Amino acid sequence: MLRFPGHGRPEPDDIVIGPLDLPGHVDEALAVQAVAFGLGPDEVAVRRQIVLRHMTFPGARAFGATVGGRLVGFVYGMPNDRSHWWSTVVEPYLRAGGHDDWLDDSFVITELHVHPRHQKHGIGRALITTITDGADQHRSLLSALDIESPARHLYRSLGYEDLARRVHFPSAPTPYAVMGAPLPLPRA
């Protein structure tokens, strides 16, 4: 059962979605990401610095999912800025498909991860809809591994469509897809 703060008294096994002080819980969040995404210690150390830097950007925010006070999932994102590294990498791919205008007035989902033991319970959906509900932008962007996966199925069910495929990020061995959806995202 998903419970949101202020909607009744949480039980020990309830999933609670709420704002997350990501810099204060970066190691917990990266432990979830490491298990969910198969990251090693060196990759986690690099991502730690990236997350901490991202959270200093204007409009960056994060939400977490907890069970019994333990973090089991998180999402963070920010309004897109064409000068950010991610935008500079994906812009040529989007432009080639006639979609580079999506880089304007968009909220980017930077990371979304749920611990495998807690997947398939609606946590990812609740996290992404919660963070985008507070966005001032009219659409959302994200990148996902360019393979058929439960994550891509979730994104499609929320209205995300492929805007670019076979996007190659430096040092990533697997290509990504860039997906976009109008906001607000559907709730059900």
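Modeller: Let us begin with W85, F169 and Y176, which form one aromatic cluster. This is a predicted model, in which local features need pLDDT of at least 70 and side-chain atom pairs count only at pLDDT 80 or more, while totals for chains, interfaces and linings use all residues. Residues are numbered from 1 along each chain as its sequence is written, and side-chain values use heavy atoms, with hydrogens and water left out.

Biologist: Why is the pair of F169 and Y176 called edge-to-face?

Modeller: Rings of Phe, Tyr and Trp (its six-membered ring) pair if their centres lie within 6.5 Å, and planes under 30 degrees apart count as stacked, over 60 as edge-to-face and the rest as tilted. The ring centres of F169 and Y176 are 5.2 Å apart and their planes stand at 85 degrees, so the pair is edge-to-face. The structure holds three aromatic pairs.

Biologist: What makes H113 buried?

Modeller: Buried means under 20% relative accessible area, exposed over 50%, and partly exposed in between (1.4 Å probe, protein chains only). H113 has a relative accessible area of 7%, so H113 is buried. Both F169 and Y176 are buried as well.

Biologist: Which side chain makes a polar contact with the side chain of H113?

Modeller: It is the side chain of Q33, at 3.2 Å. A polar contact is a pair of N or O atoms within 3.5 Å; within protein, one must be able to donate a hydrogen and the other to accept it, and residues adjacent in sequence count only if both atoms are side-chain atoms.

Biologist: How do you know that the charged end of R139 sits over the ring of W102?

Modeller: The rule asks that NZ of Lys or CZ of Arg be within 6 Å of the ring centre and within 35 degrees of the ring normal. The charged end of R139 is 4.8 Å from the centre of the W102 ring, and R139 is listed as sitting over that ring.

Biologist: Why is β3 described as largely enclosed by the rest of the structure?

Modeller: Five of the seven residues of β3 are buried, so β3 is largely enclosed. Strands (E, at least two residues) are DSSP runs, numbered from the N terminus.

Biologist: How many bridges join β3 to β4?

Modeller: Two strands pair if DSSP finds at least two bridges between them, and β3 and β4 pair in the antiparallel sense over seven bridges. Within this pairing, A62 stands opposite Y76 in β4. β2 and β3 also pair in the antiparallel sense, over five bridges, with V16 opposite T66 in β3.

How values were computed: Helix = DSSP H or I, 4+ residues; strand = E, 2+ residues; numbered from the N terminus.
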